[in-house]
Amino acid sequence: MEKQRQLEEYLKSLKKVAIAYSGGIDSSYLLFVVNKVLSKEQVLAVIANGIMVPRKDYEEAIAFLKENHFQYIEVPYKPLEITEFKENHKDRCYHCKKELMTTLKKVANENGYEYLLDGKNADDLTVYRPGNKATEEVGVISPLAKFEISKEEIRQYSKNLGISFWNKPSNSCLATRFPYNTNLTEEGLKKVEESEEIIKNIGIKKVRVRVHDTIARIEVNPEDFEIILNNIKHEHNKNIIEKIKDLGFSYVTLDLLGLKSGSFD
């Protein structure tokens, strides 16, 4: 718990902060801790409302803010207006994150909050994350990374603090479901979101539906293969394959290698 104590002392020293809140466990933990050591008036959550985030995740994030009576501001965000995002360049995340964090920091500053913090953790520094460079350029502070707090530690600390979704699977921007250099559309992003929700509704918590033109490639952990195969075999109404095809896909496949984060990288 030494890292959490150091984190708390550091957050106290900032006195007044805004948090770039995504609804994931990292920023939820950070927001919870900072509200623990500072008064609620000294903390502001700024949350982007954009097409890149699944609606259910966004609604759950807002519910968390309301349940805990945290101060927050919703910020409309339109990533499809960013050329590099819309055309799904390999550095898409850098350009999107730069615009997003610049916008959130401006909102924070306009409301009297000098510092903007995010939930980047120690593990994020070891994988391909083009957005990391953008947050540094904007001047966003990443306390969890600063004190070398890992995802596993965040989950354990969150469980100890009573955060109900401490073990919620990580999610990512819906643009990651498409190959680089393919045009992104609102319709396409929604199709992916709805396809993943169909699969989650049969009891699978972690899923990615990757798009290859008219093919939907399902990635889940190998231990969940049986759930999918049983649904296809025994569902007397529409099974998940039929439901996903109804969204406009010609073929639906199951990736036998299982779920892999950033499989298009």
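Visitor: Which residues have the most contacts inside the largest nonpolar core?

Guide: Bear in mind that this is a predicted model. Its largest nonpolar core has 78 residues, and those with the most contacts inside it are Leu7, Leu11, Leu31 and Ile199. The largest share of this core, 8 residues, comes from helix α2.

Visitor: What does Leu11 touch?

Guide: Leaving aside residues up to four places away in sequence, Leu11 touches Leu30, Val33, Val34, Val37, Leu38, Leu117 and Pro143.

Visitor: How many residues of α2 are buried?

Guide: Here, buried means under 20% relative accessible area. In α2, 12 of the 13 residues are buried, so the helix is largely enclosed by the rest of the structure. Among them are Ile25, Asp26, Tyr29, Leu31 and Phe32. The helix covers residues 25–37 and reaches 18 Å from its first C-alpha to its last, close to the 18 Å expected at 1.5 Å a residue.

Visitor: What describes two packed helices?

Guide: The angle between their axes and the distance between the axes. In this model, the axes of α2 and helix α8 (residues 151–161) come within 10 Å and cross at roughly 50 degrees. The two helices are therefore oblique to each other, and α2 passes α8 in a left-handed crossing.

Visitor: Which residues make the contact?

Guide: From α2 come Ile25, Asp26, Tyr29, Phe32, Val33 and Lys36. From α8 come Lys151, Ile154, Arg155, Tyr157, Ser158 and Leu161.

Visitor: Why might residues three or four places apart point the same way?

Guide: An α-helix has 3.6 residues a turn, so residues with that spacing point the same way.

Conventions: Residues numbered from 1 in each chain as written. Predicted model: local features only at pLDDT ≥ 70, side-chain atom pairs only at ≥ 80, totals over all residues. Heavy atoms only, no water. Helix = DSSP H or I, 4+ residues; strand = E, 2+ residues; numbered from the N terminus. Expected span 1.5 Å × (residues − 1). Buried < 20%, exposed > 50% of the residue type's maximum accessible area, 1.4 Å probe, protein only. Core = buried A, V, L, I, M, F, W, Y, C linked by side-chain atoms within 4.5 Å. Contact = heavy atoms within 4.5 Å. Axes fitted to C-alpha atoms, helices over the stretch in contact; angles between N-to-C directions. Parallel < 35°, antiparallel > 145°, perpendicular 65-115°, else oblique. Left-handed = near helix turned anticlockwise from the far one by under 90°.
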